[in-house]
Amino acid sequence: MTPDFYETPLLQSDSPLDDHSKNSIKEIYAKEKAKVLNLPSDDPLDPKRRARVDYTWTEIQEQPEILTKNLSLERETILEAAEYVAGQEISKIYLVGCGDSFASLLAVRALYEKIFGITCEAVQALDFAYYYNHPIDEQTLVITLSSSGSTVRTVEAMMIARAKGAKTLTFSNTPGSPLINESSRGILIRAERKGWPTQSSTAAMALLFQLGLDVARKSSYDEGVLDTYQNTLDESPKLVQTVLDTINDQILEIAQKEADRWIYLFAGGGPAFASTIIGAAKIKECTPDHAIAIPLEEYHHYNSQKQGDPLLLTVPTGPSIPRALDTAQEGKRWGGQVYSIVSDGNHYLDQASDAVITLPRMNELFSPLVYTVPLQLFAYHSAMEKFYRAGAER
C-alpha cells in the first residue's frame, strides 16, 4: 500500500505540530511554490534577471547607510530581545535558515560561542526541521532568519522548535510575516531586496552581532572586551564604505578576465566561510553559471580546483592564513587562477595569487560584514560582463 504523500512530512498525522501550525505551513507552501515559477531563467539575456542585477548594484552601494540605519533604528528592539534572552536559562543555541540567511547566521557563530560559552550550531532549516532537533528543550534558543519571513523550511524549523518548548527569536525584513508573528520575539531588518540579496544579508549580520553583544553585557563577560567589539561593529559601515570606494576597479578587472568561465570557486575558513557561501550564491543568482563554496580544509579533499578554474579565497587576518597559503599554492599547482582577499599588511599570499585584494584589517570575528562586499561586487561585475558578451548594450 502506498503511503499518503505530503508536501512536507510535518503535515503527516504523526507531526508534533498543532492544526494552526499545519495550516500556516500549507498556506505558505502554496505561495512559495507559485513564487518559484516566476524566478528569472538562465537565458544569457533574460531581462528579468538583468533587472535584478541592475538593482543589485544600487543595493550594494547603499550598504554603509543601511548598516547604520539598522543599528540605530532597531536599537530598542534589540535591547528588549537581549533582555528576554538573558533572562532565560539557555544551554544551547541553534542558528537556522536557508541560503544567504544561513550564511548570515553562520557569520556570527564564532562570536556567539566565544561570548556565551555554549554551543551555537548553525543548521540548514530543512535539516533542523526534519532531522537535527532531538536535543531541543526549554533551555534551547532557536534563532531563525528569513528575509521574506515565509520561507517554508525556516517556518517549519521555528514551529518545530516552539512545539518542543524552545525559546524562539526571529529576524525578518517583512513585518507581519509568519516568522515574526509566530516567534517569541521578532526583530525587523530594514533593507531592500529588489536586487539579489546583498544589504539584507549584511544588515542581518549587523543586528545579530549587536544582539550577541547586548546579551553578553547582561552577563559577567568582560566589559572592556565588549567595548572593543562594539567599536568594531560601530566602525563597520565606514569600513564597508572604504571597500566600496577603493576596490571596485580591481574587482571589475578580475571579473572581466574571468567572464567566460562557467564555474567559480569560493573558499574560506571560520567566519570567512559565511562570506564564501554568499559569494557563490551571488554568482548563481546574477549569472547563468555554477558556483561552489568550499570550506577551507575541504578544498584539499581532493583536487577541488581544475585547470582554468578561478578561486576567490577570503582570508581575513587570523589562524586560517597558513592553510589558506597551502590552498593558494595548490590552486596554482593545479593550473587554476587564485584571487586572494586579505587584510592590510598580510603579504603571505602575494606570491601564490594572481591578484590580491587588500581590505581594512579588523577583528576576524566580525569580518563577514566587510569581507563579503568584494564577493558581491565580483558577482555583479561578472554578470554585467556576461550580459555584454551575450549582446546586451553597455
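User: In this predicted model, what makes β8 (residues 310–315) and β9 (residues 337–343) a strand pair?

Analyst: The number of bridges decides the matter. Pairing requires at least two bridges, and 6 bridges join β8 to β9; the two strands therefore count as paired. Their directions are parallel.

User: Why are β7 (290–295) and β10 (355–359) said to stand at the edges?

Analyst: The strand order is β7-β6-β8-β9-β10 in an open sheet of 5 strands with parallel pairing. Each of β7 and β10 has a single partner strand, so one side of each is left without a neighbour in the sheet. From one strand to the next, the twist averages 20 degrees.

User: How is the packing of α10 (residues 223–246) against α15 (residues 373–389) described?

Analyst: Two packed helices are described by the angle between their axes and by the distance between the axes. For α10 and α15, the axes come within 10 Å and cross at roughly 35 degrees. The crossing is right-handed.

User: What makes the contact of α10 with α15 nonpolar by class?

Analyst: From α10, Val240, Val243 and Leu244 meet Val373, Pro374 and Leu377 of α15. Val, Leu and Pro count as nonpolar, so the tally for this contact is 6 nonpolar, no polar and no charged residues.

User: How do you know that the buried residues of α3 (residues 63–73) line one face of the helix?

Analyst: The buried residues of α3 are Gln63, Pro64, Ile66, Leu67, Asn70 and Leu71. Viewed down the axis of α3, they fall within an arc of 165 degrees, so they line one face. An α-helix has 3.6 residues a turn, so residues three or four places apart point the same way.

User: Why is Asn303 called partly exposed?

Analyst: The relative accessible area of Asn303 is 24%. Buried means under 20% and exposed means over 50%; the value for Asn303 lies in between, and the residue is therefore partly exposed.

Conventions
Residues are numbered from 1 along each chain as its sequence is written. This is a predicted model: local features need pLDDT of at least 70, side-chain atom pairs count only at pLDDT 80 or more; totals for chains, interfaces and linings use all residues. Side-chain values use heavy atoms; hydrogens and water are left out. Axes are lines fitted to C-alpha atoms, for helices over the stretch in contact, and angles run from 0 to 180 degrees between N-to-C directions. Helices (H or I, at least four residues) and strands (E, at least two) are DSSP runs, numbered from the N terminus. A crossing is left-handed if the near helix is turned anticlockwise from the far one by less than a right angle, and right-handed if clockwise. Contact means heavy atoms within 4.5 Å. Buried means under 20% relative accessible area, exposed over 50%, partly exposed in between (1.4 Å probe, protein chains only). The arc is that of the directions from the helix axis to the C-beta atoms.
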